[in-house]
Amino acid sequence: PLILQVKNKAPAEVQITAEQLLREAKERELELLPPPPQQKITDVEELNDYKLRKRKTFEDNIRKNRTVISNWIKYAQWEESLKEIQRARSIYERALDVDYRNVTLWLKYAEMEMKNRQVNHARNIWDRAITTLPRVNQFWYKYTYMEEMLGNIAGSRQVFERWMEWQPEEQAWHSYINFELRYKEVDRARTIYERYILFTLLVIVHPDVKNWIKYARFEEKHSYFAHARKVYERAVEFFGEEHMDEHLYVAFAKFEENQKEFERVRVIYKYALDRIPKQDAQNLFKNYTIFEKKFGDRRGIEDIIVSKRRFQYEEEVKANPHNYDAWFDYLRLVESDADAETVREVYERAIANVPPIQEKRHWKRYIYLWINYALYEELEAKASKRTRQVYQACIELIPHKKFTFAKIWLLYAQFEIRQKNLPLARRALGTSIGKCPKNKLFKGYIELELQLREFDRCRKLYEKFLEFAPENCTSWIKFAELETILGDIDRARAIYELAIGQPRLDMPEVLWKSYIDFEIEQEEYEKTRNLYRRLLQRTQHVKVWISFAQFELSAGREESLSRCRQIYEEANKAMRNCEEKEERVMLLESWRNFEEEFGTDTTKERIDKLMPEKIKKRRKLQAEDGSDAGWEEYYDYIFPEDTANQPNLKLLAMAKLWKKQQQESEAAEMDPDKDIDESQS
């Protein structure tokens, strides 16, 4: 056999992928096919031929899948369009033999007969449909509607009666009632209502109250008010107290309100509110409130609102007794409306719910119940003895060995002071410091003695405070300030010396600054310098150097500039080996600002030479597990002294200079005219 050889095995210039082929196929699916050409039928023979072809197509489709009802319906509708009603009937009958449970098939069949005014045939189909599928409500609705449109009221009523024998759902009964009302048959409608109510009583396990309400409103609408009241009373009696529903009583009350029977309305509302669970009576409360606003007095309205809100809070605290926010709201409501005994009762119930866990975070909300209770007794009830008892009971309840609340102790002491009972206030605060010392208690006690101008007591308290918390810089500063105010400078200085000698402090920088400011205020500049020197022995922080230099500058003497410059010199030497180059840059910038304001050209030039060069560098990053995490860029500072000491930096600088010269020479070669112009000039 002849074997064909490929001459060119190189790949094509344009490559087509499988994805492109699939995309192109998908796009071509959306292209619309051209419509088939219009066929014009000119004689009977062509028409018969067209019918034969279409029927053959429909029959083939049906033969392929008999259960697809849409094929049957299309076939029948096509025959109907040709006015072949008999053939269409035959097709529908054949389809019903295949699937007689198909609702759409029955509807299409009956609609065809109605369209072609074949009333008896349509009745026959509807009769067959409701006999075969009596639970399909659509057949009944269509059948009754057809009879009503034909004016056959008796026939429509007969169909409704047949429907009611099947005990349909609620809407069917209402449709029958509305049908009778359209023809002013009120008595018949009432009879149907009675039958439906009886049906709900006998058949439905949990009858709905809305059917009774509709029946009563029907009677009210037709001005049978006595009948309507009787229906409501029967409903109340039927449902009893076990299955009470607020909607029934609201409707009953509104009916009586329309009849201007206001006393009956109040009786109905109160009867329902006393028996229905409160969580199910929200709508009842709302309507009762609206009724009282319309026809009641102000006191009645307020009582309703307060009782409603009180019930809500009662339910909340009953569900969760430790919901202290609900207790706060409840107490606020009770305080605004109730008498003192009721308020005290609610407070006692609230404070009885002690947190089950002895942890302070669980007690923070609870303790405010006691505070509010004490404030109520003092400010509202004006009962100082009961207020003292509340504070003392609260203090006894708190487990002070685990935690305490300084607020309670301070409020109790302030209360005793308001009662002009200073010994009890001091005893309370002394007990608190003895049992559970806290910073807040010491501060409150000291502030109290300061207001009373008892400075000796303040000194003793500060001593106790500093024994308890020697690391608290604020306390040392306040103690020294107190001695300064009292004019005892030596004591203040001694306190500062003791403070800076402590091994552990929470804010040492604040303490040193306060000590330095104190010496400056006393104009003890030598002592201030000594303080700065002592501080610099402990820390070489740049801010300390800058502050030292600014102090020398502000001293206001002739040698202040030289002293300030000397400090900057010392700082720069001390910080040469500092790892934090940003701090050294900050120092040099401060020095440069000083020289720009007070220095000479020589000193300015010198400080400019000391300024570093800012360069960009890269460094490798590592993740927590030790793997490489890439590179990051950062800025570094190169100081002139560092450049002189490191040969590689000097070599780098020379390389940069050589590169710059090379670029300038290349630019000169590229533009010789420029060199000529420059030489001529």
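Author: Start with how elements are named: helices (H or I, at least four residues) and strands (E, at least two) are DSSP runs, numbered from the N terminus. This is a predicted model, in which local features need pLDDT of at least 70 and side-chain atom pairs count only at pLDDT 80 or more, while totals for chains, interfaces and linings use all residues. Residues are numbered from 1 along each chain as its sequence is written, and side-chain values use heavy atoms, with hydrogens and water left out.

Reader: Where is Lys83 in this scheme?

Author: Lys83 sits in the loop between α3 (69-81) and α4. Its phi is positive, about 65°, although Lys83 is not a glycine.

Reader: Is Lys83 buried or exposed?

Author: Relative accessible area decides this: buried means under 20%, exposed over 50%, and partly exposed in between (1.4 Å probe, protein chains only). Lys83 has 65% relative accessibility, so it counts as exposed. Arg453 is exposed too, with a relative accessible area of 57%.

Reader: How does Arg55 count, buried or exposed?

Author: Arg55 has 14% relative accessibility and therefore counts as buried. This residue is found in helix α2 (residues 44-64).

Reader: Which residues is Arg55 in contact with, leaving aside its neighbours within four places in sequence?

Author: Contact means heavy atoms within 4.5 Å. With those neighbours left aside, Arg55 is in contact with Tyr75, Trp78, Glu79, Glu84 and Arg87.

Reader: How many salt bridges does the structure hold?

Author: A salt bridge is a side-chain nitrogen of Lys or Arg within 4 Å of a carboxyl oxygen of Asp or Glu. The structure holds 38 salt bridges. One of them joins Glu113 and Arg89, whose closest N and O atoms are 2.6 Å apart. This pair links distant parts of the chain, since Glu113 is in helix α5 (residues 103-115) and Arg89 is in helix α4 (residues 85-98), 24 residues apart. Glu113 is buried at 0% relative accessibility, and Arg89 is buried at 10%.

Reader: Which residue does Glu483 meet in a salt bridge?

Author: Glu483 meets Arg491, at 3.2 Å from N to O. Glu483 is buried, with a relative accessible area of 0%, whereas Arg491 counts as partly exposed at 34%.

Reader: Which residues do salt bridges with shared partners join into one network?

Author: Arg229, Glu233, Glu256 and Arg264 are joined in this way. Glu256 counts as buried at 0% relative accessibility, and Arg264 as partly exposed at 34%.

Reader: How do α12 and α13 lie relative to each other?

Author: Two ideas are needed. Axes are lines fitted to C-alpha atoms, for helices over the stretch in contact, and angles run from 0 to 180 degrees between N-to-C directions. Angles under 35 degrees count as roughly parallel, over 145 as roughly antiparallel, 65 to 115 as roughly perpendicular and the rest as oblique. The axes of helix α12 (residues 225-239) and helix α13 (residues 246-258) come within 11 Å and cross at roughly 155°. The two helices are therefore roughly antiparallel. Residues of α12 that meet α13 include Arg229, Tyr232 and Glu233, and those on the α13 side include Phe252, Phe255 and Glu256.

Reader: At what angle do α20 and α21 pack?

Author: Helix α20 (residues 367-380) and helix α21 (residues 384-397) pack at about 165°, with their axes 8 Å apart. They too are therefore roughly antiparallel. Among the residues in contact are Trp370 and Tyr373 in α20, and Tyr391 and Cys394 in α21.

Reader: How many disulfides are there?

Author: A disulfide is a covalent bond between the sulfur atoms of two cysteines. The rule here asks for a pair of cysteine sulfur atoms within 2.5 Å. By this rule the count is zero.
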